[in-house]
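Open the model in your viewer and keep the selection tool at hand. This tour goes from stop to stop, saying what to select and what is there.

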2 protein chains.
Amino acid sequence: MARTIQQEVPGRSPLTAAAVLGRAVELADAEGLDAVTIRRLGKELGVTPMALYWHFRGKDALLDALVDRAVADVDLAVDLAVPWQQQFGSLMRSIVGMLRAHPWITALLSRGGLPSEGHLGVLEVMLDVLRRAGFTPEQATTVARHALSTAAALVGGEPGYAPRLSPEELADRQHRFRGLLEKLPGDRYPRIIEAAVPLSTCDDPDGYYAFGLDLLLAGIEAMAPRAR
Amino acid sequence: MARTIQQEVPGRSPLTAAAVLGRAVELADAEGLDAVTIRRLGKELGVTPMALYWHFRGKDALLDALVDRAVADVDLAVDLAVPWQQQFGSLMRSIVGMLRAHPWITALLSRGGLPSEGHLGVLEVMLDVLRRAGFTPEQATTVARHALSTAAALVGGEPGYAPRLSPEELADRQHRFRGLLEKLPGDRYPRIIEAAVPLSTCDDPDGYYAFGLDLLLAGIEAMAPRAR
DNA sequence: TAGCTAACTATACGGCGTACAGGCTACGGT
DNA sequence: ACCGTAGCCTGTACGCCGTATAGTTAGCTA
């Protein structure tokens with residue numbers, strides 16, 4: 001009943017779902033989500049594209065598994081000794097950190113479909129923090145949903161969302177953008193021209209994320225049932 | 001020099017970029033962004049797919065134009081007589097309204113690329129409101145970026161983002177989701193089970209959007225330089 | 001030895017974006 | 001009356017994509 005190792009094909013260990021997902025993550029991180037194709041994965045793994053269909057029902061299932069694998073990286077430990085705002089904040093920081101590490105996930109999250117186990121785990125912890133803070137189940141649901149959306153939005157947002165771009169490409173982009181700003185009619189876009197520098201630079205991404213999270217948390221706290 | 005009407009092909013008026021975009025919007029609204037393909041558009045317009053390449057440099061340019069066309073629908077009028085919070089709020093409501101009308105835009109917004117004219121128009125007005133409220137150019141830039149991301153996130157967020165789904169499909173989804181929730185282990189996911197109803201229903205989308213915007217605005221106001 | 005099953009391979013289909021080359025129509029100049 | 005030219009479109013082909021279907025192989029069990 002137990003299968004032993006089966007290593008007959010010369011240079012290759014047998015395919016596993018985990019190996020496929022691992023290579024897929026590498027591909028997505030390095031070349032973007034568009035590079036993750038069945039055929040490409042097959043080639044990378046030294047296998048016929050159709051071989052992947054033994055391990056996954058189709059590309060959708062593969063992508064779902066990919067999201068789940070990433071979501072599992074979120075640190076769900078909460079310190080019950082600190083105020084709920086801090087508990088929620090560190091939760092959000094962990095989520096944002098995971099999304100920043102793999103920005104392509106945001107595109108996958110907004111495909112419909114039932115939530116995966118990883119999803120549910122994160123959601124459970126968020127709801128728990130909010131419920132203990134005094135929110136009703138309805139309020140907690142709304143806040144958690146909104147917080148998750150905001151996290152995705154932060155990562156998808158402008159500060160050069162362009163991941164995996166080489167520094168030179170990024171500099172080129174920035175240069176072309178600044179060129180565009182410079183030849184804008186000054187009487188129509190005074191505010192944009194005035195803000196040309198902050199608009200076209202994206203230094204201090206950490207500050208950007210900190211600001212976004214602070215703003216979210218400030219909003220949540222302003223609506224909290226009993227602030228403490 | 002001036003070309004007059006040229007209607008030689010029997011049943012068809014000559015193609016224009018606007019006509020292509022119009023059909024593309026209809027397609028995206030009715031069947032989702034995936035239905036917008038060069039070949040499909042050509043078929044719909046009674047024309048060879050390659051004909052579209054006369055009017056657009058490629059599919060990317062077509063999609064960019066599509067976004068621009070939609071963004072132009074945003075109502076940029078602001079009432080200078082009301083507090084800046086209200087000015088910004090109605091601006092955001094207009095933006096969210098546009099995104100809700102064409103949810104597929106959110107997917108297009110997060111593709112990199114230089115901002116279009118429509119983009120700049122919206123950004124200019126947002127920055128203006130924020131600057132007059134006392135934010136520095138840097139702050140205003142950050143807030144505007146974040147607000148735009150949040151608007152996109154709201155629309156992309158959970159409440160059944162599944163657009164264009166028939167009511168029956170939507171009910172099926174909801175039913176399967178509730179089934180999943182019911183057979184969850186109660187000891188591992190108490191908070192989720194407790195919130196099963198608000199999680200699986202998506203009535204009152206207006207309330208969802210109002211909440212999201214209120215939360216954003218509360219956060220912004222909490223960080224405003226001189227609160228009023 | 002025969003048969004079963006897990007894990008692949010081979011082939012093929014239809015759809016996608018688009019490069020490239022060719023053609024047709026209406027107009028302006030001569 | 002002719003023709004060049006510009007604008008608009010067609011035809012064909014290439015190389016990707018996901019995947020349905022069917023065939024092959026290795027190792028285990030009986």
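Two residues are in contact when heavy atoms of theirs lie within 4.5 Å. Keep in mind on the way that this is a predicted model.

**Stop 1: where two chains meet**

Select helix α8 (residues 137–156) of chain B together with α8(A). Which residues of the two helices meet? On the α8(A) side they are H146(A), S149(A), T150(A), A153(A) and L154(A), and on the α8(B) side H146(B), S149(B), T150(B), A153(B) and L154(B).

Two packed helices are described by the angle between their axes and the distance between the axes. For α8(A) and α8(B) the angle is about 125° and the axes are 8 Å apart. Angles of 65 to 115 degrees count as roughly perpendicular and those over 145 as roughly antiparallel, so α8(A) and α8(B) are classed as oblique to each other. Their crossing is right-handed.

**Stop 2: a helix in chain A**

Now select residues 84–101 of chain A, which form helix α5. This helix has 18 residues, and from its first C-alpha to its last it reaches 26 Å, close to the 26 Å expected at 1.5 Å a residue.

Colour the buried residues of α5(A); among them are W84(A), F88(A), L91(A), I95(A) and L99(A). An α-helix has 3.6 residues a turn, so residues three or four places apart point the same way. What do the buried residues of α5(A) pack against? Show α4 (59–71), α6 (105–109), α7 (117–132), α8 (137–156) and α12 (205–222) of chain A to see these partners.

**Stop 3: tyrosine pairs**

Over all chains, the structure holds four aromatic pairs. Select Y208(A) and Y209(A): their ring centres are 5.1 Å apart and their planes stand at 80°, so this pair is edge-to-face. Are these residues buried or exposed? Y208(A) has a relative accessible area of 8% and is buried; Y209(A), at 9%, is buried too.

Move to chain B and select Y208(B) and Y209(B), an edge-to-face pair with 5.1 Å from centre to centre and 80° between the planes. Both Y208(B) and Y209(B) are buried.

**Stop 4: one valine in chain B**

Last, select V25(B), in helix α1 (residues 17–31) of chain B. Its relative accessibility is 11%; buried means under 20%, so V25(B) counts as buried.

Which residues does V25(B) touch, leaving aside neighbours within four places in sequence? Show L66(B), R69(B), H102(B) and W104(B), which are in contact with V25(B). Then draw a distance from the C-alpha of V25(B) to that of I105(B): the two residues are 80 apart along the chain, and these atoms are separated by 10.0 Å.

Key
Residues numbered from 1 in each chain as written. Chains lettered and ligands numbered in written order. Predicted model: local features only at pLDDT ≥ 70, side-chain atom pairs only at ≥ 80, totals over all residues. Heavy atoms only, no water. Helix = DSSP H or I, 4+ residues; strand = E, 2+ residues; numbered from the N terminus. Buried < 20%, exposed > 50% of the residue type's maximum accessible area, 1.4 Å probe, protein only. Phe/Tyr/Trp six-rings, centres within 6.5 Å; stacked < 30°, edge-to-face > 60°. Expected span 1.5 Å × (residues − 1). Axes fitted to C-alpha atoms, helices over the stretch in contact; angles between N-to-C directions. Parallel < 35°, antiparallel > 145°, perpendicular 65-115°, else oblique. Left-handed = near helix turned anticlockwise from the far one by under 90°.
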